[in-house]
Amino acid sequence: MRIAVLSDVHSNLVALDAVLDHAGRVDAVWHLGDIVGYGPDPDGVIDRLTEVGAIGVRGNHDAAAIGGDEIEHFNPEARAAMEWTRETISDASRRWLAALPARRAEGDTTLVHGSPRDPTWEYLTSAPIARASFAAMATGNGLYGHTHLPMAFTMDGDRIAQSRPRDGERLALATLRTLLNPGSVGQPRDGDPAAGYLILDAERLVATWHRVPYDVAAVQLAMRDAGLPPRLAARLSYGV
Ligand code: ZN
């Protein structure tokens, strides 16, 4: 079973389509939340994820989009984009977002947006947080997003190792507990503007990270036309 794992699409349909195209034939699409927010095409992204039968979890932006008080924690630009998103999305999109659970388990893998300990808000960025997350997780493996940074934590006995996988990098999962972040499809923040995701080969137990360039200028134009904050468009050029 070949699974495309996506996170933090953030209403960026051009990036999502580039990633789905790059992934080719897959048996499943799993997403880790923050489907909407920041970008210009929330309904388009939700329609596409529905089409491909994606399953996943709710991020803090998704919770805010359906009226959650998560919006109170946003910086002014994220908040402006969220107010635009709230006014723009269809009732069907709102229902789709509202149906997302905060966490879900697929076999021996837990899916969350933030961390297994705090699925909505915690940023899983360090070995101590990873250790607490492994302890809070009932499954052997976990997939998370939220930081917009491709990352892997492995636990071998008591030892935690951390890495920042680059394009094409593979990780064998067989004997380890793992917490893997595919990076962000729609707003990468590691200095590389290309969309990030990973492929999970559930039979061979291998994860492979990928980066996919997409038409950033087209998205920036759509953001300008929508009246979204210019800085949110500009950052897509730099992957920050
Ligand atoms: Zn996000």
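**Exercise 1: Contacts along the chain**

Find what share of contacts in the protein chain between residues at least 6 apart in sequence join residues at least 24 apart.

Solution. Start with the term: a contact means heavy atoms within 4.5 Å. Among the contacts in question, 70% join residues at least 24 apart.

Before going on, note that this is a predicted model, where local features need pLDDT of at least 70, side-chain atom pairs count only at pLDDT 80 or more, and totals for chains, interfaces and linings use all residues. Residues are numbered from 1 along each chain as its sequence is written, and side-chain values use heavy atoms, with hydrogens and water left out.

**Exercise 2: The zinc site**

Name the protein donors of the zinc ion and describe their spacing in sequence.

Solution. Step one: donors are N, O and S atoms within 2.8 Å of the metal (3.2 Å for Na, K and Ca); water is not among the atoms, so sites may look incomplete. Step two: D8 (OD), H10 (NE2), D34 (OD) and H148 (NE2) lie 2.1 to 2.3 Å from the zinc ion. Step three: the donor residues follow the spacing D-x1-H-x23-D-x113-H.

**Exercise 3: Buried or exposed?**

Decide whether H10 and D34 are buried or exposed.

Solution. Buried means under 20% relative accessible area, exposed over 50%, and partly exposed in between (1.4 Å probe, protein chains only). H10 has 1% relative accessibility, so H10 is buried. D34 has a relative accessible area of 2% and is buried too. For the protein chain, buried residues make up 56% of its 240 residues.
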